[in-house]
Amino acid sequence: MARVPAVIALAVSIGVALFPSPALAPASSALEPSAVGPPAVAPASSPVQQVASANDYFQFPLPTWTRHCDVFGSEWRLCDGTPLRTCASGVWRHTGYDVRTGIQPVRAAANGVIAGYMVDSYFKGGVLIRHQTSFGIVITQYWHVWLRKGFHVGTHVTRGQVFADVASMGSRTHFHFAVFRGELQSIAWRGALPRVACAGSPAFPYRFVDPTAFVKAHLAPIAATVRPAHVCRFDGEI
Ligand SMILES: [Zn+2]
């Protein structure tokens with residue numbers, strides 16, 4: 001029997017089969033949905049208007065970044081090795097990085113606007129934040145979280161601002177983070193994609209990039225935040 005958890009996209013009423021492949025969708029699945037429908041979308045015509053350079057900096061959403069089980073590009077499996085979904089080309093590939101964590105605050109990776117929020121009975125909340133950067137639109141994806149009170153689709157957030165909390169999934173509690181390069185679309189919700197396009201899904205990685213490498217490449221320069229008010233100079237020093 002196919003497991004078809006109810007999906008509630010706040011602001012947009014949709015119903016989507018998260019796991020069309022019943023044999024590969026155990027009820028004990030610890031990972032996020034792989035196929036979901038269109039999210040509630042903030043108008044693309046209302047980008048954040050802030051200092052461009054500030055909008056280009058990212059940070060990690062959690063203070064620690066220890067691997068849980070799946071990483072970017074790894075086969076999408078439960079921690080015990082059970083594959084979550086396959087096509088003829090093999091087990092699907094994980095689009096994000098899973099972080100070992102308990103319940104704690106989740107921070108926005110960069111300045112942006114909450115562009116989507118959906119709640120699944122098993123996977124808990126999923127959030128997409130849309131970032132307008134000088135190098136294009138970036139969508140950051142957060143799964144297994146609850147939005148905090150006062151935050152909703154359309155809310156502007158700043159880098160480092162707490163907007164959600166990790167959701168409890170019992171012994172399978174973890175945090176999933178992904179980075180999607182490009183304008184918001186339904187694929188941006190995906191927790192995994194097939195090795196070769198199948199079942200209506202594009203091949204991994206599509207527009208997803210390694211989230212850990214991406215954040216590291218866009219961290220705010222330390223000099224910009226801890227630079228002393230003035231620098232003492234000594235004879236002979238350049
Ligand atoms: Zn994940």
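What follows is a briefing on this predicted model, arranged by topic.

The protein has 238 residues, of which 37% count as buried, and its secondary structure comes to 3 helices and 14 strands. Among contacts between residues at least 6 apart in sequence, 68% join residues at least 24 apart.

**Confidence in the model**

- The mean pLDDT of the protein is 81, and a value of 70 or more is reached by 71% of its residues.
- Where pLDDT is low, the predicted coordinates should not be read in detail.

**The nonpolar core**

- In soluble globular proteins, nonpolar side chains tend to be buried together.
- The largest nonpolar core of this model has 45 residues, and those with the most contacts inside it are I114, A115, V127, L128 and I129.
- At least two residues of this core come from each of the strands β5 (97–100), β7 (112–120), β8 (124–133), β9 (136–147), β11 (162–166), β12 (174–181) and β13 (192–193).
- Which strand gives the most to this core? That strand is β9, with 6 residues.

**Strand pairing around β11**

- Strand β6, which covers residues 105–107, pairs with β11 in the antiparallel sense over 3 bridges, and P105 stands opposite D165 in β11.
- Strand β9 also pairs with β11 in the antiparallel sense, again over 3 bridges, and in this case L147 stands opposite A164 in β11.

**The loop between β13 and β14**

- Most residues other than glycine have a negative phi, and most peptide bonds are trans, which gives a background for the next points.
- Where is P205 found? It is found in the loop between β13 and β14, the latter strand covering residues 208–209, and the peptide bond that joins F204 and P205 is cis, with an omega of about 5°.
- A199 has its place in the loop between β13 and β14, and it has a positive phi of about 50° although it is not a glycine.
- Y206 has its place in the loop between β13 and β14, and for this residue too the phi is positive, at about 50°, although it is not a glycine.
- Is Y206 buried or exposed? Y206 is buried, because 20 other C-beta atoms lie within 10 Å, whereas A199 counts as partly exposed, because it has 13 C-beta neighbours inside 10 Å.

**E183, in the loop between β12 and β13**

- The place of E183 is in the loop between β12 and β13, where this residue counts as partly exposed because it has 15 C-beta neighbours inside 10 Å.
- How far apart are E183 and G136 in sequence and in space, what are the two values? They are 47 residues apart in sequence and 8.5 Å apart in space, taken from C-alpha to C-alpha.

Notes
Residues are numbered from 1 along each chain as its sequence is written. This is a predicted model: local features need pLDDT of at least 70, side-chain atom pairs count only at pLDDT 80 or more; totals for chains, interfaces and linings use all residues. pLDDT is the predictor's confidence in each residue, from 0 to 100. A nonpolar core is a set of buried Ala, Val, Leu, Ile, Met, Phe, Trp, Tyr and Cys residues joined through C-beta atoms within 7 Å. A residue is buried if 20 or more other C-beta atoms lie within 10 Å of its own, exposed if 12 or fewer, and partly exposed in between; C-beta atoms are placed from the backbone. Helices (H or I, at least four residues) and strands (E, at least two) are DSSP runs, numbered from the N terminus. Two strands pair if DSSP finds at least two bridges between them. Two residues are in contact if their C-beta atoms, placed from the backbone, lie within 7 Å.
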